[in-house]
Amino acid sequence: MSRRLPRFRAPLALVLGATLTAPLALTAPAAAATGQFTVTALKFTVQAGGRTCTVDADLYRPAGVDRAHLAPAVLATNGFGGSKSDGSTDAIGKAFAQRGYVSLVYSGLGFGRSGCLISLDDPTIDGVAAARLVDFLGGTRAADDGTKADFVTLDAPGDPRVGMVGGSYGGAIQLATAAVDQRLDALVPMITWNDLAYSLDPNNAVGSGSVPGAFKWQWANGFYLIGEGQPLLEPNLDPSRINSLACLHFVTKACDTVRTLNSGRYPAKQTAELLAYARSVSPVSYLNRVKAPTLLVQGQADSLFNLNEATATYKTLKGQGTATKMIWQSWGHSGGISDPAAGELNLGQGNLETSYVGRRILAWFDRYLGKKNVDTGPAFAYYRDWITDPNGTYATADRVPALSRTLYLSGDGKLVDNRGKVARGSRTYTNWLVSTSHSESSLYGVLGLPDPAPYDTPGTYLGWTSEPLARTTDVVGAPRATLKVVSPKAERAQHSQDAADKLVLFAKLYDVAPDGKQTLVHRLVAPVRVPDVTKSFTVTLPGIVHRYEKGHRLRFVIAASDDAYFGNRGIKQVTVVSAPGETGVLRLPVVG
């Protein structure tokens, strides 16, 4: 697939280049001095998900590493649609082998030349398969050709000192593996998910519970088509890779989930099954079993897996005592992944030692694989695109910033800083049967196509705009808005047996320049399917790191639709009423 669709697959995998030279001193001084290594193709027959699967892997062994000169190991696999052989994945093996690590890089189940079905990093399937590779690194099992690894540092018999690194699909597998195998010593999941139900069908209403969201149809169907096309894109007659004519290459529940979402309907039984399955293959359901020290790296430019996903994982791991730190880098699935900003991690340039994120990864592995007394950095760090010096783009903190500034939605369309300034008034919008707002064409950037600027059609949205800012304002984190809307038709459908009848809206925050040009930061929006239209509700917007310059204005918008998502069923008029004693509230995490 890497030869056929290089531009399309790039955001689905962690794009890592192949030319790396700078060494890292570990327990294999000869390897560290030369950066040389050998590569051996291996196959492993494993049992996973009730099937016998062949796992296709490459072993990168640094020069000088043998039974007398042991080295810790790094395990990695591909992003969705990739394989062990694509430029995104084999570069991981090369990068860490050149730095003295034994690297085992493999094609995930259902991809490349590995067998079995795509099961979305299910810990009971993909995690179990990865654990068998940890057995190999621990010396307790051989590859199918009899090759054994007796040159990996052990913490105990059968327990190799091993970490994992990788992005997107190759990120979630780390958490899935750690949930079923406590031998992992360090994880670096990059640009991955916390909850696939939120990723693909987000409902940003706080406490929405079992209420589904708005289907992110462009991203989800792009993945689905790549997955179903694997036997054609990567010819393979392995019968373990074929499910049925109705669900060719995925596990059945994954196909059922996509079909339910594409139907535009949310019957109670099917919706409960959809949410339960999506969460069962997501870290949100098994993080309580993850004990390996975890460095989370998430991208700000990412409408697929936004910053809120990493934040949720971070808070859970930290809350249960797992050693955890988090970095918000610049690039993600929606931008910069194949051409990072100056100073950002780009293994294609061999800049582990000279990029902030690269140095943090090396320190993480030094500490937990090399067992060195090194500083692994602050609890939280975030990239700032308004800093021009590549050496100073990251700010650090001991925690994710809290909500610290409150603005109010006035009846005259203003966003004011004092409840006493709220004017009484009501305003109304109505959705159309077609989408009237645009945030992004999710796959356009992937295909190298120009994407129209975000827009909202008059009459189908409401906006509240602040006065020009008296000073620069840095927002770092996820804003929150509390709203109360009036929608008689949605209220009449409140008790429908189909959740698709509930009201859908899209919240977002623009930066408006003095000349009137408005910017939707990284084209991020917050879809909401209102749990109960008769009550006020709170919306968590996607996390951002953005500087609002002095003289700019903030504009908070709720829109009736967004063409990257499925929206309302039928026409629903929405009115927002404001008064000093009762009005909508927008809260921002402002730093400095």
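How many bridges join strand S3 to strand S7, and do the two run parallel or antiparallel? Hi everyone, let's start there. Three bridges join S3 (residues 73-77) to S7 (residues 162-167), and the two strands run parallel. Two strands pair if DSSP finds at least two bridges between them. Within this pair, Ala 73 stands opposite Val 162 in S7.

A quick word on the source. This is a predicted model, where local features need pLDDT of at least 70 and side-chain atom pairs count only at pLDDT 80 or more, while totals for chains, interfaces and linings use all residues. Residues are numbered from 1 along each chain as its sequence is written, and side-chain values use heavy atoms, with hydrogens and water left out. As for names, helices (H or I, at least four residues) and strands (E, at least two) are DSSP runs numbered from the N terminus.

Now zoom out to the sheet. S3 and S7 sit in an open sheet of 10 strands, ordered S1-S2-S4-S3-S7-S8-S9-S10-S11-S12, with mixed pairing. At the edges are S1 (37-48) and S12 (394-397), each pairing on one side only. Helix H12 (residues 356-368) packs on this sheet and touches several strands, including S3, S7 and S8 (contact means heavy atoms within 4.5 Å). The direction of H12 makes about 165° with that of S8; axes are lines fitted to C-alpha atoms, for helices over the stretch in contact, and angles run from 0 to 180 degrees between N-to-C directions.

Next, where is the empty space? Rolling a probe the size of a water molecule over the atoms shows where it is left. A pocket here, on a 1 Å grid over the protein atoms alone, is an open set of points where a 1.4 Å probe fits, with protein on both sides within 12 Å along at least five of seven lines; lining residues have an atom within 4 Å of a point.

The largest pocket has a volume of about 830 Å³, meaning the space filled by probe spheres set on grid points joined across faces, edges and corners. Its lining has 34 residues, with Tyr 198, Asn 308, Ala 312, Arg 480 and Thr 540 nearest the centre. Helix H11 (307-319) is among the helices that supply at least two lining residues, and H11 gives the most, with five.

The second largest pocket holds about 390 Å³ and is lined by 18 residues. Strand S13 (405-409) is one of the elements giving two or more of them; with three residues, S13 provides the largest share.
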